[in-house]
Amino acid sequence: MRRFSWLLLLASAAAQAQVSDTGSYLQRMDNDGDGKVGVEEYVQWMLYAFDRMDRNGDGVLTRDELPGGKGSPITREQQRQTLIERFHRQDANGDGYLSAKELAAPPR
């Protein structure tokens with residue numbers, strides 16, 4: 001689980017650096033413009049960090065691609081599943097979408 005944590009933190013920090021506030025964050029993630037973020041929109045947005053680190057494009061982050069060269073290899077699908085779990089933990093009201101308020105909340 002520790003190897004997933006740094007990847008999630010990296011993805012979150014990188015994504016937040018590109019927007020100035022939660023409303024902008026939601027707007028950038030909200031591909032269909034409905035004012036909320038569904039699980040696939042969230043996963044798509046968050047996987048870009050994985051894809052940038054996967055230098056050889058094989059869908060697996062190996063030690064040489066991981067920060068500090070440490071940790072066990074992780075597949076894109078493993079990271080995708082982790083992000084789905086994180087999405088559902090952040091969905092405080094259980095409606096299947098993340099609002100700006102839920103996006104701004106500390107990870108649960």
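Biologist: What does the accessible surface of the protein come to?
Modeller: About 6,200 Å², of which 51% belongs to carbon and sulfur atoms. Bear in mind that this is a predicted model.

Biologist: And what share of the residues is buried?
Modeller: Of the 108 residues in the protein, 37% are buried.

Biologist: How many helices and strands?
Modeller: Six helices and four strands. Along the sequence the pattern reads α-α-β-α-α-β-β-α-β-α.

Biologist: What about contacts between residues 24 or more positions apart?
Modeller: They account for 54% of the contacts with a separation of 6 or more.

Biologist: Switching to Glu41. Where is it found?
Modeller: In helix α3, which covers residues 39-46.

Biologist: Which side chain of opposite charge is nearest to Glu41?
Modeller: Lys36, at 8.9 Å. Glu41 is buried and has no salt bridge, because a salt bridge requires the charged atoms to be within 4 Å.

Biologist: What does the side chain of Glu41 reach, then?
Modeller: The backbone nitrogen of Asn31, at 2.9 Å.

Biologist: Which residues does Glu41 touch, leaving out those up to four places away in sequence?
Modeller: Met29, Asp30, Asn31, Asp32 and Lys36.

Biologist: Met46 next. Buried or exposed?
Modeller: Met46 is buried, because its relative accessible area is 2%, and buried means under 20%. Met46 also lies in helix α3.

Biologist: How far apart are Met46 and Met29?
Modeller: They are 17 residues apart in sequence and 9.1 Å apart in space, C-alpha to C-alpha. Met29 is also one of the residues that Glu41 touches.

Key: Residues are numbered from 1 along each chain as its sequence is written. This is a predicted model: local features need pLDDT of at least 70, side-chain atom pairs count only at pLDDT 80 or more; totals for chains, interfaces and linings use all residues. Side-chain values use heavy atoms; hydrogens and water are left out. Helices (H or I, at least four residues) and strands (E, at least two) are DSSP runs, numbered from the N terminus. Buried means under 20% relative accessible area, exposed over 50%, partly exposed in between (1.4 Å probe, protein chains only). Contact means heavy atoms within 4.5 Å. Accessible areas come from the Shrake-Rupley method with a 1.4 Å probe; for residues, only the protein chains shown count as cover. Lys and Arg count as positive and Asp and Glu as negative; His and the chain ends are not counted. A polar contact is a pair of N or O atoms within 3.5 Å; within protein, one must be able to donate a hydrogen and the other to accept it, and residues adjacent in sequence count only if both atoms are side-chain atoms.
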